[in-house]
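Let's take a walk through a protein together, one step at a time. Keep the picture open beside you and look for each part as it comes up.

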Amino acid sequence: MVKFAFLVCTVPYTFQNTDTLYDMIEAAYELGHSVAGVFFFVDGVINASRKIKVAKGVPNLPEKLQKMVDKGIRVAVCSTCSEYRGLEEADLAHGVDYASLMTFGDILSQADKLITFGL
Amino acid sequence: MGVHRILVVFNKSPYGSASIVEGIRLATGVTVADIESVVLFMDDGVFALMENQHSSSLGLLPIGGSLEYLIDNGVQINVLKDSLVSRGISVNNLLKLNNMKIISLTELGTLLLQFDVIFSI
């Protein structure tokens, strides 16, 4: 069984990457794999905003994020990238860590494979 | 188990995006978690290594300062020779950095085999 880490650098809704991320995690668990953590980096930090309002007819990505957190998956954002984008700790979805790159390193050190959704 | 060695690939030019600066932050940041980090500049990424960059008109610091972080953290810097040649860049025009090694495509092949994770952002 494989333990995955995910690095996400893109915003939700502009790109399909976040949708794919959640689908991949679901598929990984169905196959008996696990997840060391998800790290939102650069523009990817927007994924963790609790202020996202979901329109009708589009995927509810905040709900999917919450399910992931509720499942016990470690989810963190880069705090420096967040500050650059006006995202404060209080703006984050419940259970998401306002973290540093050391956290990403820690997630990596517990993973077998890294999957990156880059810029 | 676990990722112990990563290669961060820089293949985009500096200043046009945050890719190189953020990649450098990432490559140095993970070393705190005892992960060995190595970087590779190739394709348009080699422009980041040119000396005499004057980025103040962009309101940005020259990328050379960020590169110093790599050196301070013991990160090996590799540069693909073919990318320099194809862009008409001489090694003499590059920043003089410790830990910097110019490598051939053959050496790149060997390098790639040494990492648990290889990625670019």
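Predicted model: local features only at pLDDT ≥ 70, side-chain atom pairs only at ≥ 80, totals over all residues.

Let's begin with chain B. Its secondary structure amounts to four helices and five strands.

How are the strands of chain B arranged? They form an open sheet with parallel pairing, in the order E4-E3-E2-E1-E5. Strand E4 (100-103) and strand E5 (117-119) of chain B sit at the edges with a single partner strand each, so one side of each has no neighbour in the sheet. From one strand to the next, the twist averages 20°.

Now zoom in on strand E1 of chain B, residues 5-10. On one hand, E1(B) runs parallel to E5(B), and three bridges join them. Look for Ile6(B): its bridge partner in E5(B) is Val117(B). On the other hand, E1(B) pairs with E2(B), again in the parallel sense, over six bridges. There, Phe10(B) has Phe41(B) in E2(B) as its bridge partner. Is E1(B) enclosed or left open? Five of its six residues are buried, so E1(B) is largely enclosed by the rest of the structure.

Helix H4 of chain B (residues 105-112) lies across strand E3 (76-80), E4 and E5 of chain B, and runs at about 115° to E4(B).

Let's step back and look at chain B as a whole. Its C-alpha trace spans about 45 × 30 × 25 Å along the principal axes. A compact globule of 121 residues would have a radius of gyration near 14 Å, and chain B agrees because its value is 14 Å. Buried residues make up 35% of the 121 residues in this chain. Among the contacts in chain B with a separation of 6 or more, 75% are between residues 24 or more positions apart.

Two loop residues in chain B deserve a visit. Asp34(B) is in the loop between H1 and E2 of chain B. Its phi is near 60°, a positive value in a residue other than glycine. Is Asp34(B) buried or exposed? It counts as exposed because it has 11 C-beta neighbours inside 10 Å, and the cut-off for exposed is 12 or fewer. Asn52(B) sits in the loop between E2 and helix H2 (63-72) of chain B. Asn52(B) also has a positive phi, about 60°, although it is not a glycine. With 8 other C-beta atoms within 10 Å, Asn52(B) is exposed.

Next comes chain A. Find its helix H4, residues 101-109. Seven of the nine residues of H4(A) are buried, so this helix is largely enclosed by the rest of the structure. Among the buried ones are Phe104(A), Ile107(A) and Leu108(A). What do the buried residues of H4(A) pack against? They pack against strands E1 (3-8), E2 (34-40), E3 (75-78), E4 (97-99) and E5 (113-117) of chain A, together with H1 of chain B.

For contrast, turn to Thr20(A), which is found in helix H1 (residues 17-30) of chain A. Thr20(A) is partly exposed, because 13 other C-beta atoms lie within 10 Å. Its C-alpha atom is separated by 16 Å from that of Asp43(A), 23 residues apart along the chain.

Finally, see how the two chains meet. The contact takes 19 residues from chain B and 18 residues from chain A. On the side of chain B that touches chain A, H1(B) gives the largest share, five residues. The residues of that side divide into 11 nonpolar, five polar and three charged.

In soluble globular proteins, nonpolar side chains tend to be buried together. Here, the largest nonpolar core has 65 residues, and Leu108(A) is one of those that touch the most other members, along with others including Val8(A), Phe40(A), Val39(B) and Phe41(B).

How values were computed: Residues numbered from 1 in each chain as written. Chains lettered and ligands numbered in written order. Pairing = 2+ DSSP bridges. Axes fitted to C-alpha atoms, helices over the stretch in contact; angles between N-to-C directions. Contact = placed C-beta atoms within 7 Å. Rg over C-alpha atoms; globule rule 2.2 N^0.38 Å. Buried ≥ 20, exposed ≤ 12 C-beta atoms within 10 Å, placed from the backbone. Nonpolar A, V, L, I, M, F, W, Y, C, P; charged D, E, K, R; others polar. Core = buried A, V, L, I, M, F, W, Y, C linked by C-beta atoms within 7 Å.
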